[in-house]
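Have the sequence and the structure open as you read.

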Amino acid sequence: MKLKFTKMHGAGNDFIVIDATAAPIELSPAQWQRLADRRFGIGADQILVVQQPATEGCDFKYRIFNNDGSEVEQCGNGARAFVKFVTEKGLTSKSSIRVETMKGIIAPRLEADGSITVDMGAPRLDPAEVPFDAAGLAGWAEGDDTTWPLPVKTGGSSKTVFISVVSMGNPHAVQVVDNVDTAPVAETGPLIEHHPRFPARVNAGFMQVVERHHIRLRVHERGAGETLACGTGACAAVVAGIRRGLLDSPVRVSARGGELSIAWAGPGQPVFLSGPAVTVFEGEVEV
Ligand SMILES: N[C@@H](CCC[C@H](N)C(=O)O)C(=O)O
């Protein structure tokens, strides 16, 4: 079977986008993985599939597959690419759309200047909802439910990293580091991703606070490794930073692949994510 696709990126987090509005496309995890493979396939951090919605009041359904072929709940940078895709393909003429995902509805908006803002919904802060097994772990300080000590085994030794856990539909563990350039993202990221306290694995964020409205961020993504930017990771880092009293909304997030902007008014309120979305090329591939 031949599949038409569009290659896109949002701040360097790259995607294969597929229009399945005419008929749903079902591939095996191995087939998704092959498409996303940078040597044997097209290459991408994630694959985004645009489908007809099942929920009344929604314009589209949005399915997301990681580079390793696993299907996931949410992708912030992908949501902006999604809007650009459905607009450019003439699949909608609306500037505000409602999109059904595996974990709820998101509401992206195409602004008059061409930029895209996504209402990502309210973050879930209860460890059980992330999901994170916090049983028996005391918070950072008495009464502190924002930061948890996580013992991580590196080689023969063990070290403790202090993480905040946030669900943006998908799970995130964020830690504060002095300098993202020297942070042990490649070493510690995979250990946190596969830590037994995260039964669904987790995205591991490393955040450097530059000032109260600006952070630098690197994210080791679940199922994809370190990416050049992670939209939900940026939302989670800003939520964690505000809850820990380190940041004030809005926050500029400098990722290795570009700049994102996050606004959050506090618990129970939605997180707003803005940033770029770029079409790179189109093609057809045999699956
Ligand atoms: N790059 C994404 C997140 C994609 C999913 C993530 N790897 C997961 O497994 O949850 C973003 O921009 O949010």
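## A covered strand

Strand S2 (residues 13-19) is mostly covered, with 6 of its 7 residues buried. Buried means that 20 or more other C-beta atoms lie within 10 Å of a residue's own; exposed means 12 or fewer, partly exposed is in between, and C-beta atoms are placed from the backbone. Strands (E, at least two residues) and helices (H or I, at least four) are DSSP runs, numbered from the N terminus.

This is a predicted model: local features need pLDDT of at least 70, side-chain atom pairs count only at pLDDT 80 or more, and totals for chains, interfaces and linings use all residues. Residues are numbered from 1 along each chain as its sequence is written.

## Partners of S2

Strands pair if DSSP finds at least two bridges between them. S2 runs antiparallel to strand S1 (residues 2-10), and 5 bridges join the two. Histidine 9 has aspartate 14 in S2 as its bridge partner. The hairpin of S1 and S2 has 2 residues between the strands, and alanine 11 takes a positive phi near 55 degrees there.

Strand S3 (residues 46-51) is parallel to S2, again with 5 bridges. Here valine 17 has leucine 48 in S3 as its bridge partner. S2, helix H1 (residues 29-36) and S3 make a right-handed β-α-β unit. Right-handed means that, with the strands pointing away from the viewer, the path from the first strand over the helix to the second runs clockwise.

## Two listed residues

An unreviewed UniProt entry lists residues for "binding site", including Asn13, Asn77 and Arg222. Such annotations may be inferred rather than shown by experiment.

Asparagine 13 is found in strand S2. Why does asparagine 13 count as buried? Because it has 31 C-beta neighbours inside 10 Å. Leaving aside neighbours within four places in sequence, asparagine 13 is in contact (C-beta atoms, placed from the backbone, within 7 Å) with residues including Asp45, Asn77 and Gly257.

Arginine 222 lies in the loop between strand S13 (214-221) and strand S14 (225-227). Arginine 222 counts as buried because it has 26 C-beta neighbours inside 10 Å. Not counting residues up to four places away in sequence, arginine 222 touches Asn66, Glu193, Arg201, Val202 and Asn203.

## Two domains

The domain assignment gives domain 1 (2-121 + 276-286) and domain 2 (127-269). Such bounds come from an automatic or database assignment. The C-alpha centres of the two domains lie 24 Å apart. In all, 23 residues of domain 1 are in contact with 21 residues of domain 2. Helix H2 (residues 76-88) gives the largest share of the domain 1 side, 3 residues.

Key:
Two residues are in contact if their C-beta atoms, placed from the backbone, lie within 7 Å.
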